[in-house]
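Student: Could you walk me through this structure with some questions and answers?
Tutor: Gladly! Let's look at it together.

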Amino acid sequence: MAAAAETSSDKTLRNAFGSVLSFFILLLIGVLAFSIRLFSVIKYESVIHEFDPYFNYRVTQFLTKNGIYDFWNWFDDRTWYPLGRVIGGTVYPGLTLTAGTLWRILNSLNIPLSVETVCVFTAPIFSAFASWATYLLTKEVKGAGAGLTAAVLLAMVPSYISRSVAGSYDNEAVAIFALIITFYLYIKTLNTGSLFYATLNAIAYFYMVCSWGGYTFIINLIPMHVLLCIVTGRYSSRLYIAYAPLVVLGTLLASLVPVVGFNAVLTSEHFASFLVFIIIHVVALVYYIKGILSAKMFKVAVTLVVSIGLLVCCAVIAVLIALVASSPTMGWSGRSLSLLDPTYASKYIPIIASVSEHQPPTWPSYFMDINVLAFLVPAGIIACFLPLSDASSFAVLYIVTSVYFSGVMVRLMLVFAPAACIMSGIALSQAFDVFTRSIKFQLPGILGKSEFDAGDTSSSSVVAENDAAKPDKSGEKLKERSSRKNKKKEKELVEKASVEKTSTKSKIEKRLLVLPLEASVIALLLLVFLGAFYVVHCVWAAAEAYSAPSIVLTSHSHDGLHVFDDFREAYAWLRHNTEVDDKVASWWDYGYQTTAMANRTVIVDNNTWNNTHIATVGTAMSSPEKAAWEIFNSLDVKYVLVVFGGLVGYPSDDINKFLWMVRIGGGVFPHIKEPDYLRDGQYRIDSQATPTMLNCLMYKLSYYRFVDVDGKGFDRVRRTEIGKKYIKLTHFEEVFTTHHWMVRIYKLKPPRNRIRGKTKKSKTKTSATSSSRKSVATKKNPWH
């Protein structure tokens, strides 16, 4: 008894020490996840990155200044002129509300941080939360060791760093945390059958709906897992509790988000969850009837229930088909159809296909974004089948679906990264367990030779002796003592004996997995080397590949580091040298930045909700100068902004994006045809370029006075001399070009300057006609 009590106290102490150690490790993982994302602030400055984050920053500024009610009713007249945009009903508010709440909490604690600073550091903070959520999720699947490993992998994975560095104030900054915590609460509910966790799961799903349009991945993946469990005979009341409240409460909460509204029950992305909701109720009814009826009556009842269930399902399917058939896109959004059919966007919606992050990834991008995890994922999938549980089957389904979607759209590598980290964490944890156990059983310095021989090789005999001896002892004691207390003690002894027997058998099974000592040591060293390579790659990616903000560019040469701050230079010029009500036209990529940094009204921006409006701008850029002037003048445009990288070698300029302007414009205005801008199917800007290309507005505004720089007009991006070197502008005038020629701003000439000659001619014509009339009148009446 004393030995058993001592053993139990040792286990309790060991568990307590393990919990404390896990807590401190998780703290360090959170610090790592936060600090590795600060390279952008250390190397550059605390500034918002990319394009979309500038809109989110502007909305957060409005929220903190005017309050939540004005935010919901905000009509923004500085975007999509002359249409405008209702911000409260067209934006996912999760990121804005989160940052605004953080700002108010910090200010209430007398920590006077600016809104910009809070926005810059929101993503690194939530990356730490995402790492902790990954630990909880993986712990539910395969234990604490796998959870810690998966958490540290996610803290550093480059795919997640690319969207969560300091300054990357986009929806994914908080959405990935919401995604992982929703999956964790679903698995927790599935393992425990607790309604408390089911309610928390619905609330987490609501936060995900508020944060990102990728919530449809959740509401389709979980029904797939529920259907998989039902088909494979793994239905239980825990599965019902995990799923039914999520669909009911989650859908009700999702419909409260203005940008979603009734789409939560009307669009095809949500129909799978409702269909599985009906199926699980039919299955639950069948199991309930089975428990209260005899076998004969059960068959009759099952036939009746299945028949009614099939009729209901057929009716629901018929209604869904009718709703889907009434929509030209079959009830699916354009982005969803692009995921199901990778060729859909390129055929029908060029505005979606034109976005770089909507392109399919290349094989090197997988190695860049997840590195060695690509080789560990298959091992993790195998480990999930040993043994297969509801939680591990969900992890396998998650990795399979995320692999497919990441192969369709490079942006969804972000959804694939947590799944890869979970699987890799499971694989590494299982591998370390096998290798360290092999060394522990065979290393003489740890257990000693005699103990190994006596404890492991003859373990089967020990089990046999224990099986034979302990029941005899218990039988003797039962004969001698017949009181209730003694019987209770004997029962405890028998239970302890069975536990010891089970633990001994488990030790024997583990003993069968022991590998040779040399192989175990070499394998451990290889895993350590693999981990070191992963850490080095992740630090390099965080410091070099993903830390540079697109608003400030750098390059290294023999002269040293060169900084290109042309974008902010151009926006500052617009802010200080143009009227407040002036309208600025540019391609939609720069709309958010122009509105946020220059505080000027734009024609189109990155929301891309109106394809016709974007096609109008694309048509203007693709048209000759006079036709383009008429289009812009009809939109009340005063300035046109173009991005040009031919001088410094910046590849993401408007000339490289020009064919997308042609395709989008031609999709609405048929007179714009892409072949007119190609020479034998090739896109050229040199002397072999087509006359349509050489005379379009984008070509003229990009290369105007470019030959004055080096006398040749050599384009460093296209690596060729331009075809039309001496360009004259008749309807536009250059007003500003940045230091490195990356941003060029032109002003539309007023109509009077354009038709002054015609006006004079018309005046002379009218005067001539009037004089001729007078002469005629004089001839007719010579006395006057």
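Tutor: First, a term we'll need: helices, of at least four residues, and strands, of at least two, are DSSP runs numbered from the N terminus. Please also keep in mind that this is a predicted model.

Student: Where is the place of Trp741?
Tutor: Trp741 has a positive phi of about 65 degrees although it is not a glycine. Most residues other than glycine have a negative phi. To place Trp741, look between two strands: its position is in the loop between β10 (732-737) and β11 (743-748).

Student: Is Trp741 buried or exposed?
Tutor: A residue counts as buried when its relative accessible area is under 20%. Trp741 has a relative accessible area of 11%, and therefore Trp741 is buried.

Student: What is the phi of Asn371, a residue other than glycine?
Tutor: Asn371 lies in the loop between α20 and α21. At 0% relative accessibility, Asn371 counts as buried. Its phi is positive, with a value near 55 degrees.

Student: How many helices and strands does the secondary structure of the chain come to?
Tutor: The chain has 784 residues, and buried residues make up 47% of them. Among contacts with a separation of 6 or more, 72% are between residues 24 or more positions apart. As for the secondary structure, the total is 38 helices and eleven strands.

Student: Which word describes how α20 is placed relative to α28?
Tutor: Two packed helices are described by the angle between their axes and the distance between the axes. Helix α20 (residues 363-370) packs on helix α28 (residues 517-545) at an angle of about 100 degrees, and their axes are 8 Å apart. Angles of 65 to 115 degrees fall in one class, so α20 and α28 are roughly perpendicular.

Student: Which residues make the contact, and how many of the residues in the contact of α20 with α28 are nonpolar?
Tutor: From α20 come Phe367, Met368 and Ile370, while α28 brings Phe533, Tyr534, His537, Trp540, Ala541 and Ala545. By class, this contact has no charged residues and one polar residue, and the nonpolar ones number eight.

Student: Are α3 and α30 parallel or oblique to each other?
Tutor: Helix α3 (residues 52-66) and helix α30 (residues 591-598) have axes 7 Å apart and pack at an angle of about 40 degrees. Angles under 35 degrees count as roughly parallel, and this pair is therefore oblique.

Student: Which hand does the crossing of α3 and α30 have, left or right?
Tutor: On the α3 side, the residues touching are Asp52, Tyr54, Phe55 and Arg58, and on the α30 side they are Tyr592, Gln593, Thr595, Ala596 and Met597. These residues divide into five nonpolar, two polar and two charged. The crossing of α3 and α30 is left-handed.

Student: How many of the 30 residues of α23 are buried?
Tutor: Helix α23 (residues 413-442) reaches 42 Å from its first C-alpha to its last, close to the 44 Å expected. One of its residues is Ala431, which counts as buried at 19% relative accessibility. Helix α23 is mostly covered, and the number of buried residues is 23.

Student: What distance separates the C-alpha atoms of Ala431 and Leu524?
Tutor: Along the chain, Ala431 and Leu524 are 93 residues apart.

Student: What distance separates the C-alpha atoms of Val642 and Met698?
Tutor: Val642 lies in strand β7 (residues 639-643) and counts as buried at 0% relative accessibility. Leaving out residues up to four places away in sequence, Val642 touches Asp654, Met698, Leu701, Met742, Val743, Arg744 and Tyr746. Val642 and Met698 are 56 residues apart along the chain, and their C-alpha atoms are separated by 7.8 Å.

Student: How many of the twelve residues of α31 are buried?
Tutor: Helix α31 (residues 611-622) reaches 16 Å from its first C-alpha to its last, close to the 16 Å expected. Its buried residues include His613, Ile614 and Met621. Helix α31 is largely enclosed by the rest of the structure, because its buried residues number ten.

Student: In which loop is Pro387 found?
Tutor: Most peptide bonds are trans. The bond from Leu386 to Pro387 is cis, with omega near -10 degrees. Pro387 is in the loop between α21 (373-384) and α22 (390-408).

Student: What is the omega of the peptide bond from Tyr81 to Pro82?
Tutor: Pro82 lies in the loop between β1 (75-76) and β2 (85-86). The peptide bond from Tyr81 to Pro82 is cis, and its omega is near 0 degrees.

Note on methods. Residues numbered from 1 in each chain as written. Predicted model: local features only at pLDDT ≥ 70, side-chain atom pairs only at ≥ 80, totals over all residues. Heavy atoms only, no water. Axes fitted to C-alpha atoms, helices over the stretch in contact; angles between N-to-C directions. Parallel < 35°, antiparallel > 145°, perpendicular 65-115°, else oblique. Left-handed = near helix turned anticlockwise from the far one by under 90°. Contact = heavy atoms within 4.5 Å. Nonpolar A, V, L, I, M, F, W, Y, C, P; charged D, E, K, R; others polar. Expected span 1.5 Å × (residues − 1). Buried < 20%, exposed > 50% of the residue type's maximum accessible area, 1.4 Å probe, protein only.
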